[in-house]
Amino acid sequence: MCQPNNTRRSKTSTVSLPMPMQTPANTISPSCSISDQEDDGKTYSTLNSKPLKVLMCSENVFPQVNGIARRVTMYQDGLSKLGCTVDSLHPDMGINKVLSHVNPWNFTSRMMIINPLHLIKLLNTSYDVVHVVMPANISSMWILAAFKVLRCLKREAKPALVVSWHCNIVDYMQHFAIGPLKYIAFIFFYLLFGMLPLISDRILTPTKKSEPHLVNMWRRSNGKLCAGVCFTGVNKTEFSPAAKYSNWGQTWATSKEKYLSKMGKKHLIVCVGRLSPEKSVDELIRALPSLTDCCLWLVGDGPHRPELERIARDLDVPVKFLGYQSGEALYSVYTVADIFVCPSLTETFGQTVNEALASRVRVALPGVPVFAEAYGEALPSDAFWQPNNQSSMIRAIKKQLHRHSKNDPYGIPDLSLLKTWDGAVRALREEYTQAFQDRQHTFTLLAGLYFPMWWLVTITTSLTFFMFSQIRSLCGGSVRLFFRNAAEDVLIKVQSFQRLPSFDNLESGQKSPEKQT
């Protein structure tokens with residue numbers, strides 16, 4: 001499941017990303033040439049038929065509770081079932097492999113800096129595919145760069161180098177960067193990630209509409225776009241309408257009945273996800289005064305929870321915060337919902353939407369391109385509302401609740417339209433094969449000149465992230481809160497000191513308790 005304070009999103013002007021560095025015909029490659037293609041047919045045939053040896057590098061892994069960690073875990077398990085050998089690189093592997101530290105922006109996840117000795121060991125391992133899960137996984141970008149250089153120097157066909165991108169960073173910068181900072185953010189973004197198309201063969205995103213500006217950087221000089229989709233599946237045996245009959249399902253049903261009765265409401269809206277500003281949960285809470293028959297359950301936690309609790313109190317609307325849920329408790333909480341609502345405008349797929357659909361719960365969503373692509377066939381058109389339009393949101397929710405009240409089957413999800421994890425993993429295996437065909441055997445002259453600067457930028461950024469995480473950890477998670485609390489402590493002590501009787505007063509007028517008696 002998945003920090004600015006109460007920031008309401010509005011329509012913002014867009015900023016175009018710089019054009020990506022292309023791969024023109026006049027490339028330089030002192031040690032690698034297209035002669036590698038002589039054995040491409042044989043290697044491609046082998047890659048397409050035999051079990052693969054895969055290195056998967058991700059900073060989001062189990063037991064972290066977020067969509068990326070769940071996706072990576074299912075990919076690894078699924079590839080293993082297909083007979084592939086999957087090696088992992090993640091922050092919990094120990095100091096002999098990585099230096100691990102908390103993510104300074106999200107204390108529920110971790111980041112890593114790879115040990116140079118372990119990097120050398122990886123480079124001496126024969127992998128068919130190196131798959132790096134982004135964003136912000138800087139150490140893994142070093143791994144891609146090292147394998148790309150080594151592949152060219154040794155004139156080898158393997159490994160295929162794959163990037164999967166699971167976060168709408170461009171959207172976040174559009175929404176949260178202010179004024180000139182927006183342009184500075186885009187320049188830094190390009191300096192940090194502009195090398196990725198030159199050190200990898202293919203990019204994968206959860207949908208074709210995810211991060212179009214970023215994906216376009218993988219368009220080659222011949223016009224070919226080396227991009228694909230890393231599909232997200234759902235476990236239909238865990239997330240299922242039958243979960244309502246489990247012990248947890250009955251517990252949630254009883255709790256729902258009591259809560260609706262207490263609040264004098266008819267319908268229950270459920271929203272599952274991390275409580276952070278970019279998820280737009282505040283917009284859903286602000287819509288509740290117009291949804292007069294509805295209560296809201298929020299499943300999940302995050303840094304925005306105190307602000308959301310304040311908004312709910314100020315509006316005096318029925319919102320219940322259930323915190324993180326997992327296992328049977330999570331599977332079954334969907335089944336008691338009259339409608340599931342995901343208000344986020346910045347999702348790359350929306351795994352919780354998939355889970356709600358598998359539970360055969362009616363869903364309402366903003367009509368952003370990602371959701372339209374992922375769920376357009378599974379939901380009626382009036383289940384989508386116009387983004388940044390609260391009236392449209394309210395109409396979409398009311399429409400689905402009206403159907404629910406009338407037991408109208410229209411709008412109930414069709415389970416056959418949902419992809420399983422087995423299907424998603426098989427599609428990923430095919431993307432690996434396609435990545436081998438998309439290989440670049442050369443570096444451009446511009447890339448060679450940019451390479452040293454990129455190393456400097458990534459090393460500086462990685463060290464900055466590490467130092468910031470240590471400072472935040474020492475400050476208890478928030479530098480701002482630490483200094484505010486410190487200032488309040490000093491103020492309290494000063495005020496307490498001022499209330500003490502002065503020495504002159506004690507000398508001149510006050511008697512001791514013994515003398516007064």
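This report walks through rings, cores, a cavity and some backbone details in one predicted model.

## Ground rules

The model is predicted, so local features need pLDDT of at least 70, side-chain atom pairs count only at pLDDT 80 or more, and totals for chains, interfaces and linings use all residues. Residues are numbered from 1 along each chain as its sequence is written, and side-chain values use heavy atoms, with hydrogens and water left out.

Helices (H or I, at least four residues) and strands (E, at least two) are DSSP runs, numbered from the N terminus. Buried means under 20% relative accessible area, exposed means over 50%, and partly exposed lies in between (1.4 Å probe, protein chains only).

## Aromatic pairs

The structure holds 17 aromatic pairs. Rings of Phe, Tyr and Trp (its six-membered ring) pair if their centres lie within 6.5 Å. Planes under 30 degrees apart count as stacked, over 60 as edge-to-face, and the rest as tilted.

One of the pairs joins tryptophan 252 and tryptophan 297. This pair is tilted, at 5.8 Å centre to centre with 55° between the planes. Tryptophan 252 sits in helix H9 (residues 247–263) and tryptophan 297 in strand S10 (residues 294–299), so the pair ties together parts that are 45 residues apart in sequence. Both tryptophan 252 and tryptophan 297 are buried.

Phenylalanine 451 and tryptophan 454 are stacked, because their ring centres are 6.0 Å apart and their planes are at 20°. These two residues are three apart in helix H17 (residues 445–474), so about one helical turn separates them. Phenylalanine 451 is buried, at 18% relative accessibility. Tryptophan 454 is also buried, at 0%. Trp142, Phe451, Trp454 and Trp455 form one aromatic cluster.

## Charges over rings

The charged end of lysine 419 sits over the ring of phenylalanine 231, 4.6 Å from its centre. The charged end of arginine 439 sits over the ring of phenylalanine 436, 3.9 Å from its centre. To count, NZ of Lys or CZ of Arg must be within 6 Å of the ring centre and within 35 degrees of the ring normal.

## Nonpolar cores

In soluble globular proteins, nonpolar side chains tend to be buried together. A nonpolar core is a set of buried Ala, Val, Leu, Ile, Met, Phe, Trp, Tyr and Cys residues joined through side-chain atoms within 4.5 Å. Which members of the largest core touch the most others? They are Val130, Ile143, Trp165, Leu196 and Trp454, out of 46 residues. Helix H4 (residues 138–153) gives the largest share of this core, eight residues. A second, separate core has 38 residues, including Phe349, Val353, Val370 and Tyr375.

Tryptophan 454 touches Met141, Trp142, Ala145, Leu191, Leu192, Met195 and Ile199, not counting residues up to four places away in sequence. Contact means heavy atoms within 4.5 Å. Threonine 458 lies in helix H17 and is buried, at 0% relative accessibility. Threonine 458 touches Ile138, Met141, Trp142 and Leu192, again not counting residues up to four places away in sequence. The C-alpha atoms of threonine 458 and isoleucine 138 are 6.6 Å apart, although 320 residues separate them along the chain.

## The largest cavity

The largest cavity has a volume of about 50 Å³. A cavity is a set of points on a 1 Å grid over the protein atoms alone, where a 1.4 Å probe fits but cannot get out. Grid points are joined across faces, edges and corners, and the volume is the space filled by probe spheres set on the points.

The lining is Glu59, His101, Met111, Met112, Ala136, Ile138, Ser462 and Phe465; each has an atom within 4 Å of a point. Strand S4 (106–114) and H17 each supply at least two lining residues.

## Backbone details

A cis peptide bond joins methionine 134 and proline 135, with omega about 20°. Proline 135 lies in the loop between strand S5 (129–134) and H4. The bond from lysine 158 to proline 159 is also cis, with omega near 0°. Proline 159 lies in the loop between H4 and strand S6 (160–165).

Alanine 136 has phi near 65°, a positive value in a residue other than glycine. Alanine 136 lies in the loop between S5 and H4 and is partly exposed, at 24%. Arginine 360 has a positive phi too, near 60°. Its place is the loop between helix H13 (351–358) and strand S13 (363–366). Arginine 360 is partly exposed, with a relative accessible area of 42%.

Methods. 1 Å grid on protein atoms, 1.4 Å probe; cavity = no way out; pocket = protein on both sides within 12 Å on 5 of 7 lines; lining within 4 Å.
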